Amino acid sequence: PMYGEPNNSTSVQTIERLLVTHKNEIRRFIGHRSGSVVLKRTTVDDLYQETATAALASAETYEYGGEAHFICWVSTIARRVISHSLRGLQGRASTFRIRGAESSGIGVSETRLFAPNRTPSSAVANSERSDSLVKVLRRLPSDYRMVLQLHEIEERPLTEVAARMNRTKSATCMLIARAMAMLREQLREA
């Protein structure tokens with residue numbers, strides 16, 4: 001099938017072509033999302049290979065919905081590969097409580113956003129970052145907060161997030177991209 005050809009599933013060859021076409025973009029995403037802890041033990045190329053392998057293994061269940069939809073789908077797989085690598089390095093998922101999140105209307109009480117505290121200074125830095133994050137999240141539009149909560153923090157599948165928000169998968173991908181862009185911009189300003 002060609003890129004825009006409607007079908008129930010996408011062929012392995014089409015996924016391979018898309019992975020090659022977007023390899024640099026996917027690698028940049030992986031490098032940006034991985035952090036120094038993960039990259040001390042593995043490489044972006046290794047994480048890209050794991051992501052590509054997982055994408056190819058899921059080819060039968062993937063329905064092509066355009067290049068933006070493909071990037072969103074592969075990014076979700078990459079996040080899970082990175083998360084799995086990080087859990088393997090730490091032995092378990094680390095969580096911390098965001099102070100004030102319960103009363104912020106965000107719905108986040110515990111999450112895996114930052115590594116566990118190793119020193120008193122890192123505890124203070126993590127506390128300051130969590131306070132900034134909660135303040136920024138409060139200022140986001142409610143649909144942005146909800147999509148970030150469901151997809152990024154709770155790591156729910158895109159199809160579930162789309163269904164819960166009464167949107168298409170493509171619209172949900174665009175909402176995630178816009179929410180992340182606004183979050184990054186406001187965190188830079190905070």
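Biologist: Leaving aside its neighbours within four places in sequence, with which residues is His69 in contact?

Modeller: His69 touches Tyr62, Glu63, Leu158, Lys169, Ser170 and Cys173, where contact means heavy atoms within 4.5 Å. This is a predicted model, in which local features need pLDDT of at least 70 and side-chain atom pairs count only at pLDDT 80 or more, while totals for chains, interfaces and linings use all residues. Residues are numbered from 1 along each chain as its sequence is written, and side-chain values use heavy atoms, with hydrogens and water left out.

Biologist: Why is His69 called buried?

Modeller: The term buried means under 20% relative accessible area, exposed means over 50%, and partly exposed lies in between (1.4 Å probe, protein chains only). His69 has a relative accessible area of 5%, so it is buried. Its place is in helix H4, residues 67–90.

Biologist: What share of the chain is made up of buried residues, and what is the order of its elements?

Modeller: Of the 190 residues in the chain, 38% are buried. The chain has 8 helices and 2 strands, where helices (H or I, at least four residues) and strands (E, at least two) are DSSP runs numbered from the N terminus. From that end the elements run α-α-α-α-β-β-α-α-α-α. Among contacts with a separation of 6 or more, 60% join residues 24 or more positions apart.

Biologist: Which residues of H1 are buried, and how do you know that they line one face of the helix?

Modeller: In H1, residues 12–21, the buried ones are Thr14, Ile15, Leu18 and Leu19. Seen down the axis of H1, they fall within an arc of 135°, so they line one face; the arc is that of the directions from the helix axis to the C-beta atoms.

Biologist: What makes H1 and H3 roughly antiparallel?

Modeller: H1 and H3 (residues 44–57) pack at about 155°, with axes 10 Å apart. Axes are lines fitted to C-alpha atoms, for helices over the stretch in contact, and angles run from 0 to 180 degrees between N-to-C directions. Angles under 35 degrees count as roughly parallel, over 145 as roughly antiparallel, 65 to 115 as roughly perpendicular and the rest as oblique. H1 and H3 are therefore roughly antiparallel. Val12, Ile15, Glu16, Leu19 and Val20 of H1 meet Tyr48, Ala52, Ala55 and Leu56 of H3. These contact residues divide into 8 nonpolar, no polar and 1 charged; Ala, Val, Leu, Ile, Met, Phe, Trp, Tyr, Cys and Pro count as nonpolar, Asp, Glu, Lys and Arg as charged, and the others, Gly among them, as polar.

Biologist: Why is Thr43 called partly exposed, and why does Arg41 count as exposed?

Modeller: Thr43 has a relative accessible area of 38%, so it is partly exposed. Arg41 is at 68% relative accessibility and therefore counts as exposed. Thr43 lies in the loop between helix H2 (23–41) and H3, whereas Arg41 lies in H2.

Biologist: What makes the phi of Asn166 worth a remark?

Modeller: Phi of Asn166 is near 55°, a positive value in a residue other than glycine. Asn166 is found in the loop between H7 (158–164) and H8, and its relative accessibility is 72%, so it counts as exposed.
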